[in-house]
Amino acid sequence: MCGIVGYIGQQQAAPIIINGLKRLEYRGYDSAGVCIVRSPELDIAKKAGRVVDLEANVDISLLTGTTGVGHTRWATHGIPNDVNAHPHTDASGRIALVHNGIIENYLTIKKKLVAAGYGFRSETDSEVLAVFIGMLYDTLGDLESAVRTALSEVEGTFGLVVVSTVEPDMIIAARRGSPLILGIGNDEFLVASDASAVIAHTRQVVYLHENEMAILTRTGFTTKTIANVETHSVIDEITFELDQLEKGGFPHFMLKEIYEQPMTFRDGYRGRLLIDEGNVRLGGLTSVVDKLRSAKRIIFTACGTSWHAGLVGEYLIEHLARIPVEVEYASEFRYRNPIITPDDVVIAISQSGETADTLAAIREARLRGATVLGMVNVVGSTIARETDAGVYLHAGPEIGVASTKAFTSQLCVLTQFALYLGRMRQLGLEEGKNIARALDAIPDQIHAILEKADVIEAIAKEYAGVSNILYLGRGVNFPAALEGALKLKEISYIHAEGYPAAEMKHGPIALIDENMPVVFIATKDESYDKILSNIQEVRARNGKVIAIASEGDDHISALASHVLTIPTTHPLLTPVLASIPLQLLAYYIAVERGCNVDMPRNLAKSVTVE
Ligand code: F6R
């Protein structure tokens, strides 16, 4: 969602904020703006488009001052234009704020403000909040009190940063439902919506908690609740390196992240996998071992790609541990009055650890007495903090909006989790060892697939002009088909659907003609023969077949227009390897179509609004 950076210190704030915004652009990129405090005035520059468009239109060197805020927007209220871009000011122009989230009762507040004679320039809920704080300041005469009073009347979510000319040496930050961290430097402080915007300046950070506020000055900071109770903050260390936020010679973050997968997958099991014992050591779960031993049901809750990972997890756990598993869209879960018992273990799967729907789902599960776990990538994220225990993915920062390496790391962690549960129950040593060895072979196998990227690039060129593609797979490869379709649609804007292959004849087959390419995951497993029949059905209707097949399968090349082979692995791990050519296919098709792969239209990383 939107990106926020604030700075207060000894240096010029504008260049620091602009560089921070560039790091945050993957969160939202439809407009950008900065506000620098140059007492007695606020200098504000904002522009629809990306941060480079702002730089092209404004001489940033003229924005002088050592306190300021910046914002990169993902529109919720009002179209992306210069006026709706943040920062927004109060009526007097003395107070400016940037806001991430949604003020749900903004219309009620706006009505009151209009009745009191206030006017508005933008269509945003955020401007209403700025004007409201300004009005309260006029009555209370104290900015902190004005912000606190406003926030106690607000319904909805916010990550909020306020600067002003009335308190030029102070920044106020507050969060509810939208992450904010403080960067702690030497006589300088930053506030940002994620660590990537502060790491160039400091590795020391404080994660603000729900309903917490921070008051930052040039020499220190305090934290308290919005209800004005002092809180104790813990300083954490950022765990990744600055160069992980660079493209490292790749044309796009997405391609870099696809190529990182041999390493990120290995990082997901390094120090955990016990091959000789056919087991894993998952330190993050020790506190809940008894709960896991007695669990009657596992419920995964997640969104998008992470939900697809949960579907793979269902096959893994039901097969290896024989525990019933349900996989729930987080956005639906809490609204359908789910039946949850204390014997249930509810697991949130999330790359960002900030997805609002997933967070809401686990809060609901906890309320109903379940043990709540997290499989999360971002260390210190809200889901990681709000779960009883969990397993980190260790995929490193994922910047490309389309999730790639986080997905395969989720599958890595889910495989280990299933193995762990299985070995607690009925899974024998030999089968445990088979899974462990297969897992350990995956990084080299991914590497081998990546070496054939040029074949996939050539196929992508041939199909870049199509309007629809169908993705089919069976069993554990059905979720991989769903994920392949999602990857393609989100970055290339080609309509794509995933189905269990056998479902094709129950409807989608009506779509098949010479213009409808069908991607089959047709590896050699127990459903291979059935998949071949499905391929024949497509061919009989002149559909073009792209097959993801097992290495050495000579039979399939006679049936498919194109064959992309992947090495043989344990059947339960096929989705990991099948995902690699599907990611590359989506990537190269999108590039061929001239799409902005890292910043697809309408999307943003980390969806912190419901
Ligand atoms: C797709 C994608 C999204 C996310 C979804 C959940 O490429 O990135 O579908 O998977 O928004 O996000 P997290 O995993 O951060 O909870």
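**Figure 1. Pro87 is found in the loop that runs between β4 (67-73) and β5 (88-89).** This close-up comes from a predicted model. The peptide bond leading from His86 into Pro87 is cis, and its omega is near 5°. Most peptide bonds are trans.

**Figure 2. A cis peptide bond joins Ser39 and Pro40.** Omega for the bond between Ser39 and Pro40 is about 10°. Pro40 belongs to the loop between β2 (31-38) and β3 (41-48).

**Figure 3. Asn337 has a positive phi.** The phi of Asn337 is about 50°, although Asn337 is not a glycine. Most residues other than glycine have a negative phi. Asn337 sits in the loop between α10 (330-333) and β19 (344-350).

**Figure 4. The shell around the ligand consists of 14 residues.** The closest of these residues are Ser306, Ser350, Ser352, Thr355 and Glu490. Two helices, α9 (304-320) and α16 (477-492), each supply at least two residues of the shell. Sorted by class, the shell has eight polar, four nonpolar and two charged residues.

**Figure 5. Helix α13 (residues 405-424) packs with helix α14 (residues 429-450).** Two packed helices are described by the angle between their axes and the distance between the axes. For α13 and α14 the angle is about 170°, and the axes are 11 Å apart. Angles over 145 degrees count as roughly antiparallel, and α13 and α14 are therefore roughly antiparallel to each other. On the α13 side, the contact is made by Cys412, Thr415, Gln416, Leu419 and Arg423. On the α14 side, Leu429, Gly432, Ile435, Ala436 and Leu439 make the contact. By class, the contact of α13 with α14 has six nonpolar, three polar and one charged residues.

Key
Residues are numbered from 1 along each chain as its sequence is written. This is a predicted model: local features need pLDDT of at least 70, side-chain atom pairs count only at pLDDT 80 or more; totals for chains, interfaces and linings use all residues. Side-chain values use heavy atoms; hydrogens and water are left out. Axes are lines fitted to C-alpha atoms, for helices over the stretch in contact, and angles run from 0 to 180 degrees between N-to-C directions. Helices (H or I, at least four residues) and strands (E, at least two) are DSSP runs, numbered from the N terminus. Angles under 35 degrees count as roughly parallel, over 145 as roughly antiparallel, 65 to 115 as roughly perpendicular and the rest as oblique. Contact means heavy atoms within 4.5 Å. Ala, Val, Leu, Ile, Met, Phe, Trp, Tyr, Cys and Pro count as nonpolar, Asp, Glu, Lys and Arg as charged, and the others, Gly among them, as polar. A residue is near a molecule or strand if one of its heavy atoms lies within 4 Å of it.
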